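Dear colleague,

Please find the structure that I am handing over to you below.

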Amino acid sequence: MADLRFNEETRTTVRKRVLAEHFLKIYGKDLKELDKDGEEQLRKVHESQNSSQLMSNIFWMIASIAVFYYTDFAIAIRVDHRINRLWFNIGIALIGLNIAIGIYFIVICSWIRKIPTDNWEKHAPALIPVATASFIAGSICLNVGLWPLWKFFTPIILFTLFMGVVVLISIIPNF
């Protein structure tokens with residue numbers, strides 16, 4: 001039994017060496033140069049991802065500010081009589097529930113109780129599906145409530161404002 005295990009380990013080692021030699025023959029570099037090139041390539045990829053993410057964040061912030069300003073969103077929400085207030089208020093309540101669950105997880109679980117994010121689902125297994133369902137239902141209710149005001153532009157306006165809020169939250173530093 002020990003001889004069989006030794007033979008399997010030897011075969012694995014030989015396979016690794018053959019693969020390494022074949023790799024070095026193909027690329028013709030020693031490992032030190034390969035590591036430097038690999039680090040340089042990873043740095044370039046990381047920089048390009050950061051710049052594209054930065055451009056995306058800037059776009060969503062500008063778009064959400066423009067939509068908020070040019071639609072007179074704050075004034076319309078407060079005084080426009082065309083808004084279906086029942087659906088709008090239900091949507092606000094459901095989105096509020098979603099935000100309350102998010103605050104519970106982030107502030108209470110992460111900051112106060114020091115529960116890692118991987119254990120949130122074990123700590124409160126029902127809250128993540130409730131938050132998801134409340135966000136979906138709240139988004140639908142907000143669309144129905146604001147539909148008389150902006151018609152077909154309502155989902156686009158709400159999605160743009162949502163993305164602006166997401167970007168705004170993502171740039172808040174961690175504590």
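This is a predicted model: local features need pLDDT of at least 70, side-chain atom pairs count only at pLDDT 80 or more; totals for chains, interfaces and linings use all residues.

The largest pocket has a volume of about 1,200 Å³. Its lining is made up of 34 residues, and those nearest the centre of the pocket are Ile99, Phe162, Val165, Val166 and Ile169. Several helices contribute to this lining: helix 2 (31–70), helix 3 (73–79), helix 4 (85–112), helix 6 (127–150) and helix 7 (154–170) supply at least two residues each. Sorted by class, the lining of the largest pocket comprises 27 nonpolar and seven polar residues, with no charged residues.

The next residue is tyrosine 104, which belongs to helix 4. Tyrosine 104 has a relative accessible area of 22%, and it therefore counts as partly exposed, since buried means under 20% and exposed means over 50%. Apart from neighbours within four places in sequence, tyrosine 104 is in contact with Cys109, Arg113, His123 and Leu127. Of these, leucine 127 is 23 residues away along the chain, and its C-alpha atom is separated from that of tyrosine 104 by 9.8 Å.

The other residue is threonine 71, in the loop between helix 2 and helix 3. A polar atom of its side chain lies 2.5 Å from the backbone oxygen of valine 67. If residues up to four places away in sequence are not counted, threonine 71 touches Ala76, Trp150 and Ile157.

Yours sincerely,
A colleague

Technical notes
Residues are numbered from 1 along each chain as its sequence is written. Side-chain values use heavy atoms; hydrogens and water are left out. On a 1 Å grid over the protein atoms alone, a cavity is a set of points where a 1.4 Å probe fits but cannot get out, and a pocket is an open set with protein on both sides within 12 Å along at least five of seven lines; lining residues have an atom within 4 Å of a point. Grid points are joined across faces, edges and corners, and a volume is the space filled by probe spheres set on the points. Helices (H or I, at least four residues) and strands (E, at least two) are DSSP runs, numbered from the N terminus. Ala, Val, Leu, Ile, Met, Phe, Trp, Tyr, Cys and Pro count as nonpolar, Asp, Glu, Lys and Arg as charged, and the others, Gly among them, as polar. Buried means under 20% relative accessible area, exposed over 50%, partly exposed in between (1.4 Å probe, protein chains only). Contact means heavy atoms within 4.5 Å. A polar contact is a pair of N or O atoms within 3.5 Å; within protein, one must be able to donate a hydrogen and the other to accept it, and residues adjacent in sequence count only if both atoms are side-chain atoms.
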